Amino acid sequence: MVNLTPTELERYRRQMMLPNFGETAQKRLKSATVLVTGVGGLGGTAALYLAVAGVGRLILVRGGDLRLDDMNRQVLMTDDWVGKPRVFKAKETLDAINPDVQVEIVHDYITPENVDSLVQSADMALDCAHNFTERNLLNEACVRSRKPMVEAAMNGMEAYLTTIIPGVTPCLSCLFPEKPDWDQRGFSVLGAVSGTLACLTALEAIKLITGFSQPLLSQLLTIDLNRMEFAKRRSHRDRSCPVCGNSAPWRHAQANSMEPTGITQNSH
């Protein structure tokens with residue numbers, strides 16, 4: 001396992017004071033690579049909190065340029081960057097906040113051509129894309145590679161969050177066999193709502209990486225911020241799911257191993 005420098009020991013001292021955290025959890029964070037898709041108000045803010053927590057390597061994936069109506073929630077951005085590719089600014093901001101974290105960027109969307117290589121280059125993924133096309137691709141790739149994925153989405157004042165471990169929990173296709181019809185360019189959003197969900201998303205990733213606390217396994221957290229209501233709903237795997245079910249192709253390819261790959265020490 002990697003060692004922590006004197007600077008890192010001081011930078012992360014307060015979180016290492018947490019019960020069941022300490023240097024062991026911090027070293028796990030430093031050793032981890034996290035893929036973040038959709039580097040906007042949700043993914044960008046989650047990446048920010050992973051960076052300040054000391055995740056060793058972040059891979060940020062997002063195509064397109066920054067728009068003015070992104071600025072009410074995308075905290076890694078600055079006004080002078082409107083009209084430019086947002087992932088470059090995201091890296092610049094994160095590098096300035098914590099130079100000890102390695103930030104890699106991919107100025108592209110999740111596609112059938114790049115998703116498997118991206119997932120295989122990371123220990124886990126954060127699914128923060130703004131459409132279900134990318135979300136489905138990431139979910140399927142994580143199941144194929146048996147990599148954990150934190151699934152987070154919001155619309156208006158409502159949000160949901162769960163952690164997916166292939167072979168252990170329901171996958172995204174189990175949860176949403178019929179995909180919502182999202183207007184990816186015209187959805188309503190308040191920055192504080194995406195920020196709230198982003199913090200919880202980063203916390204799920206930190207729990208999964210370090211094992212210091214229990215993540216949302218087979219539980220869907222639903223959030224109504226109009227009423228400040230948070231509820232956990234038990235979720236169940238669909239044994240006939242075409243992505244992760246008993247007849248899914250990856251099960252036949254890996255029939256001799258039922259242990260998820262990736263961050264296995266934390267899938268308890």
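Strand β2 (residues 57–61) runs parallel to β3, and the two pair over 5 bridges. One of these links joins Leu-58 to Val-103 in β3. The model is predicted. Helix α5 (residues 86–97) packs on the sheet here and touches both β2 and β3. The direction of α5 makes about 175° with that of β3.

Now the whole sheet. It is open, has 8 strands and shows mixed pairing. The strand order is β3-β2-β1-β4-β5-β6-β7-β8. Two strands form the edges: β3 (102–106) and β8 (229–234). Each of them pairs on one side only. On average, neighbouring strands are turned by 15° against each other, direction ignored.

Next, a pair of helices. Helix α4 covers residues 43–53, and helix α9 covers residues 191–210. Their axes come within 8 Å and cross at roughly 45°. At this angle α4 counts as oblique to α9. The crossing of α4 and α9 is right-handed.

Which residues make the contact between α4 and α9? The table lists them by helix.

| Helix | Residues in the contact |
|---|---|
| α4 | Thr-45, Ala-46, Tyr-49, Leu-50, Ala-53 |
| α9 | Gly-195, Ala-198, Cys-199, Thr-201, Ala-202, Ala-205, Ile-206 |

How many residues of each class does the contact of α4 with α9 have? There are 9 nonpolar and 3 polar residues, and no charged ones.

Definitions and conventions. Residues numbered from 1 in each chain as written. Predicted model: local features only at pLDDT ≥ 70, side-chain atom pairs only at ≥ 80, totals over all residues. Heavy atoms only, no water. Axes fitted to C-alpha atoms, helices over the stretch in contact; angles between N-to-C directions. Helix = DSSP H or I, 4+ residues; strand = E, 2+ residues; numbered from the N terminus. Parallel < 35°, antiparallel > 145°, perpendicular 65-115°, else oblique. Left-handed = near helix turned anticlockwise from the far one by under 90°. Contact = heavy atoms within 4.5 Å. Nonpolar A, V, L, I, M, F, W, Y, C, P; charged D, E, K, R; others polar. Pairing = 2+ DSSP bridges.
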